[in-house]
Amino acid sequence: MAKYAAKFSQATLTTTFKTAGHVRTPAASMRRIKLYDVLFGAGGTPADNVLEFNLKRTTANGTDSAVTPVALDPADAAAVSTVGSNATVESASITANSDLLDFNLNQRATYRWIAAPGSELVIPNVLNSGIVVLVLSPAYTGAAGGAMLFEEQ
Amino acid sequence: MRNAGGVLIGVGDTGTVEVDTFTCSHCQYVTKVPPRCDPADLGGHCKSCDKLVCNKCVNIMARGGNCTPWEKQMIAMENREAARRSYGI
């Protein structure tokens, strides 16, 4: 059960949710993915703005930039999971009412969520199944992002 | 609430804030557990799977819904996927 880290970001925030990060099962060699640690923050000039982050389930891919996950243990093989960042076209199948983690933070702040062992957010071994990290801000239009740590089972 | 498990850590100008969290056994929603809050406001305990569940799932079960842990839901999804693949769909 190898563990990986991947960064994600969204270059331009708007008042509607945009995908900053997306971890999903690949087309082949699928396995379950367990998201156990996520870090969130904002770039740009420090100011007092509110950002809302939301993690949701999805069953289809949008258009985003591929990110290569880094194995936490160099002895592990490369990740089979697919990670995308800075989506330009949102996934058409973000599951309604599938909020997993939702919170607001000040632009100056950094948040980190760590799951208890056994309470990770699990992505089933199903084609294109995944979790997206969405972000919006009523006023801030700069970049926001973070990093996610996950385990392949 | 005992053994909430997860933690949400915020670091900002005014210092560090830590809030316990727990993951709903049925839908995986992460509920934040503020200090000294009333446990009844946060969700409940499912007597079938013996795990913590969120407010939404407590309401579903109060209306007669069954205990369906996320693990069971994933197995059903994966079985459907395996069947689809076996038919070449």
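The model is predicted. About 2,100 Å² is buried between chain A and chain B. The largest nonpolar core holds 38 residues.

**Nonpolar cores**

- Six members of the largest core touch the most other members: Val23(A), Leu35(A), Phe40(A), Phe53(A), Leu55(A) and Phe150(A).
- Strand E3 of chain A, residues 33-42, gives this core its largest share, 5 residues.
- Another core lies apart from it and has 8 residues, among them Cys24(B), Cys27(B), Cys46(B) and Val53(B).

**Interface of chain A and chain B: extent**

- Chain A brings 28 residues to the contact, and chain B brings 25 residues.
- Carbon and sulfur atoms give 54% of the buried area.
- Arg32(A), Trp113(A) and Val126(A) supply 21% of the area that chain A buries against chain B.

**Interface: polar and charged pairs**

- The two chains share 3 salt bridges.
- Arg32(A) forms a salt bridge with Glu78(B), with the closest N and O atoms 2.8 Å apart.

**Interface: the chain A side**

- Strands E8 (101-106), E9 (110-114) and E10 (121-123) of chain A each give two or more residues to the side that touches chain B.
- E9(A) gives the most, with 5 residues.
- This side of chain A divides into 17 nonpolar, 4 polar and 7 charged residues.

- Asn86(A) is not a glycine, yet its phi is positive, at about 55°.
- Asn86(A) sits in strand E7 of chain A, residues 82-89.
- Asn86(A) counts as partly exposed because its relative accessibility is 24%, between the 20% and 50% cut-offs.
- Asp50(B) is not a glycine either, and has a positive phi of about 60°.
- Asp50(B) lies in the loop between strand E4 (43-46) and strand E5 (51-54) of chain B.
- Asp50(B) counts as exposed because its relative accessibility is 54%, and exposed means over 50%.

Terms used:
Residues numbered from 1 in each chain as written. Chains lettered and ligands numbered in written order. Predicted model: local features only at pLDDT ≥ 70, side-chain atom pairs only at ≥ 80, totals over all residues. Heavy atoms only, no water. Core = buried A, V, L, I, M, F, W, Y, C linked by side-chain atoms within 4.5 Å. Buried < 20%, exposed > 50% of the residue type's maximum accessible area, 1.4 Å probe, protein only. Helix = DSSP H or I, 4+ residues; strand = E, 2+ residues; numbered from the N terminus. Contact = heavy atoms within 4.5 Å. Buried area = accessible area lost by both parts, 1.4 Å probe. Salt bridge = Lys/Arg side-chain N within 4 Å of Asp/Glu carboxyl O. Nonpolar A, V, L, I, M, F, W, Y, C, P; charged D, E, K, R; others polar.
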